[in-house]
Amino acid sequence: MVKKAVKLAIFKHNGIDEKVQHSFLRRAERFSITKGSIFNNSVKKLSKPNFDNILNKIDKDDFFVVDTSLYFYLLDQYSWNLLGIDEVSIGCEGILNELSQHYGGTKEKVGDKSKDGLVLALEKLVGNVINMRGVL
């Protein structure tokens with residue numbers, strides 16, 4: 001009963017519900033990953049409308065939302081000093097590998113074992129997936 005009331009209050013106040021939250025981009029904004037940053041930093045030779053179309057499909061894809069939610073959870077664990085950067089890097093690299101295998105993108109390596117390095121690796125992977133889907 002309380003959960004239902006809280007959900008209703010949040011929806012009335014912010015317009016946020018489960019469907020809105022089921023989004024890679026919605027979750028990624030906290031880490032400065034946006035449509036613009038992906039397009040500017042990682043996408044090659046795609047028109048903006050083609051890019052938007054591909055990203056909108058990925059954004060709501062169940063597999064992608066689940067894996068990136070876990071990725072962001074690990075980054076949060078690091079931010080709260082509940083896990084160290086080595087542990088988080090191992091987990092994030094596993095998720096990057098899984099996403100690469102599932103979507104056929106280029107396997108991303110984490111060059112800089114830092115929170116920023118992990119965020120950049122995910123952003124690059126998203127760009128790689130979009131680039132590959134753009135040529136299919």
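Asn-81 lies in the loop between H6 and H7; helices here are DSSP runs of H or I with at least four residues, strands are runs of E with at least two, and both are numbered from the N terminus. Phi of Asn-81 is near 60°, a positive value in a residue other than glycine. Asn-81 is also exposed, at 68% relative accessible area. Exposed means over 50%, buried under 20%, and partly exposed in between, with a 1.4 Å probe and protein chains only.

Before I go on, the source. This is a predicted model, where local features need pLDDT of at least 70 and side-chain atom pairs count only at pLDDT 80 or more, while totals for chains, interfaces and linings use all residues. Residues are numbered from 1 along each chain as its sequence is written, and side-chain values use heavy atoms, with hydrogens and water left out.

There is another residue of this kind. Ser-32 is not a glycine, yet has a positive phi of about 65°. Ser-32 sits in the loop between H3 and H4 and is exposed, with a relative accessible area of 57%.

Now the chain as a whole. Its secondary structure comes to 8 helices and 0 strands. Of the 136 residues, 37% are buried. The accessible surface comes to about 8,300 Å², and carbon and sulfur atoms account for 56% of that; areas come from the Shrake-Rupley method with a 1.4 Å probe, and for residues only the protein chains shown count as cover. Contact means heavy atoms within 4.5 Å. Taking contacts between residues at least 6 apart in sequence, 66% join residues at least 24 apart.

Next, the interior. In soluble globular proteins, nonpolar side chains tend to be buried together. Here the largest nonpolar core has 33 residues, and those with the most contacts inside it are Phe-24, Ile-38, Tyr-71, Phe-72, Leu-75, Leu-122 and Ile-130. Two or more residues come from each of H3 (24-28), H5 (48-60), H6 (62-79), H7 (85-103) and H8 (115-135). H8 gives the largest share, 8 residues. A nonpolar core, for the record, is a set of buried Ala, Val, Leu, Ile, Met, Phe, Trp, Tyr and Cys residues joined through side-chain atoms within 4.5 Å.

What is Phe-24 in contact with, leaving aside its neighbours within four places in sequence? The partners are Ile-33, Ile-38, Asp-59, Phe-64, Val-65, Thr-68, Phe-72, Leu-122 and Val-126.

H4 (residues 35-42) and H5 pack at an angle of about 120°, with their axes 11 Å apart. Axes are lines fitted to C-alpha atoms, for helices over the stretch in contact, and angles run from 0 to 180 degrees between N-to-C directions. That makes H4 oblique to H5, because angles under 35 degrees count as roughly parallel, over 145 as roughly antiparallel, 65 to 115 as roughly perpendicular and the rest as oblique. H4 contributes Lys-35, Ile-38 and Phe-39 to the contact, and H5 contributes Lys-48, Phe-51, Asp-52, Leu-55 and Asn-56.

The loop between H4 and H5 holds Val-43, which is buried at 14% relative accessible area. Val-43 and Gly-127 are 84 residues apart in sequence, but their C-alpha atoms are 5.2 Å apart in space. Beyond its neighbours within four places, Val-43 is in contact with Ile-38, Phe-51, Gly-127, Ile-130 and Asn-131.

Last, Arg-133 in helix H8. Arg-133 is partly exposed at 35% relative accessibility. Not counting residues up to four places away in sequence, Arg-133 touches Ile-54, Ile-58 and Tyr-103.
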